[in-house]
Amino acid sequence: MCFFMIFSKFASITTNHRTVMNKKLYLVGLLFVSALFANAQTAKWNQRFQSYIDKYKDLAIQEMLRYNIPASITLAQGILESGAGESELCRKGNNHFGIKCHDWTGDRVYHDDDATGECFRAYRSALESYEDHSKFLSGSKRYSRLFQLSRTDYKGWAHGLKECGYATNPRYAYSLIDLIELYKLNEFDRAKSYDKFMAQHTGKSTKPQADLHPIKIYNQNYYLYARKGDTYRSIAKEIGIKAKSLAKYNERDVDAVLEPGEIVYLKKKQKYADRKYMDPVHIVKAGESMYTISQLYGMQLKYLYKLNKLSPDYQIRVGDRLKVY
């Protein structure tokens, strides 16, 4: 039974009988309907969506600063149109925005949408998809009026996209707005800079979002955890950097075996641990080595030895206290 039918039923009871009991029943019913309606409108936080945002926010900001399209709109559309990078269309063709083949001479992929087997644009990477999305909007007369709006007017952009025919879903604008407000994506619309490393290297990957390693940040560096079967070469290919450089950043040989869960840094490590870490001393635990400790803190191995005035042949023991900054 829809909300309005429930509401009408309680309203009818009140009008016809006007008893104290029915007035109470009316109020209970009104509260019940309000609660149902509120729950129906409340979007739930999703870790998969948050991971997508963390990975592509810098790419979205990059496109915003180039084309003046709100980063919040780009990210919300990416989540909605690609299922946060896990849709069949995104997995097959790196298409994050559901753009069809109109006036397209590049690669293509076919997918059931409004009709069976429709033609969609295909890209080699997420970066190409994001760039084409920016050009698609900024280069079309259909969407030209949107660029008269403020970059922080995400509601205007959301409703404008729907009115201009970007999607057929009648609730498309509200879906975008719900995502933007739940994940606070509008905070990115005021950004004046972005992390170029993240924008380029996450964008250049040819793997679908679902297959990518989550990238984390520590000590002014980026890192990920190795999975079973990973090598420096396979990770380097995913990130878009040279395998020898990646191994060098981690002070290893390019053919060294990676264990599942091992930390892999994507840039050269710092000399010391992050000073935000409360304790400047690390107490050695069983199974640790100078190398694993240096990886844990994102600091170069030679500086860990130097800081503690130890020779490279020193064998650490459980309980040793090592300075990390």
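Student: How are α3 and α6 oriented to each other?
Tutor: This is a predicted model, where local features need pLDDT of at least 70, side-chain atom pairs count only at pLDDT 80 or more, and totals for chains, interfaces and linings use all residues. Residues are numbered from 1 along each chain as its sequence is written, and side-chain values use heavy atoms, with hydrogens and water left out. The axes of α3 (residues 47–67) and α6 (residues 126–138) come within 10 Å and cross at roughly 40°. Angles under 35 degrees count as roughly parallel, over 145 as roughly antiparallel, 65 to 115 as roughly perpendicular and the rest as oblique, so α3 and α6 are oblique.

Student: How are the axes and the helices themselves defined?
Tutor: Axes are lines fitted to C-alpha atoms, for helices over the stretch in contact, and angles run from 0 to 180 degrees between N-to-C directions. Helices (H or I, at least four residues) and strands (E, at least two) are numbered from the N terminus and are DSSP runs.

Student: Which hand does the crossing of α3 and α6 have?
Tutor: A crossing is left-handed if the near helix is turned anticlockwise from the far one by less than a right angle, and right-handed if clockwise. For α3 and α6 the crossing is right-handed.

Student: Which residues make this contact, and how many are charged?
Tutor: Contact means heavy atoms within 4.5 Å. From α3 come Y52, Y56, L59, A60, Q62, E63, R66 and Y67; from α6 come A126, L127, Y130, E131, S134, K135 and S138. Ala, Val, Leu, Ile, Met, Phe, Trp, Tyr, Cys and Pro count as nonpolar, Asp, Glu, Lys and Arg as charged, and the others, Gly among them, as polar. By class, the contact of α3 with α6 has eight nonpolar residues, three polar and, as charged, four.

Student: How many charged residues are in the contact of α4 with α8?
Tutor: α4 brings S72, I73, A76, Q77, I79, L80 and E81, while α8 brings Y172, S175, L176, L179 and I180. Eight of the residues are nonpolar and three polar. The number charged is one.

Student: Which residues of α6 meet α4?
Tutor: α4 and α6 pack at an angle of about 115°, with axes 12 Å apart. This crossing is right-handed too. On the α4 side are T74, L75 and Q77; on the α6 side are Y130, H133 and L137.

Student: Is L137 buried or exposed?
Tutor: Buried means under 20% relative accessible area, exposed over 50%, partly exposed in between (1.4 Å probe, protein chains only). Beyond its neighbours within four places in sequence, L137 contacts I69, Q77, Y143, F147, L161 and Y166. The C-alpha atoms of L137 and Y166 lie 9.6 Å apart, with 29 residues of sequence separation. At a relative accessible area of 0%, L137 is buried.

Student: Is D103 buried or exposed?
Tutor: D103 lies in the loop between α5 (88–93) and β1 (108–111). Phi of D103 is near 55°, a positive value in a residue other than glycine. Most residues other than glycine have a negative phi. At 82% relative accessibility, D103 counts as exposed.

Student: What accessibility class does E251 have?
Tutor: E251 sits in the loop between α11 (243–249) and β5 (263–265). Phi of E251 is also positive, near 55°. With 34% relative accessibility, E251 counts as partly exposed.
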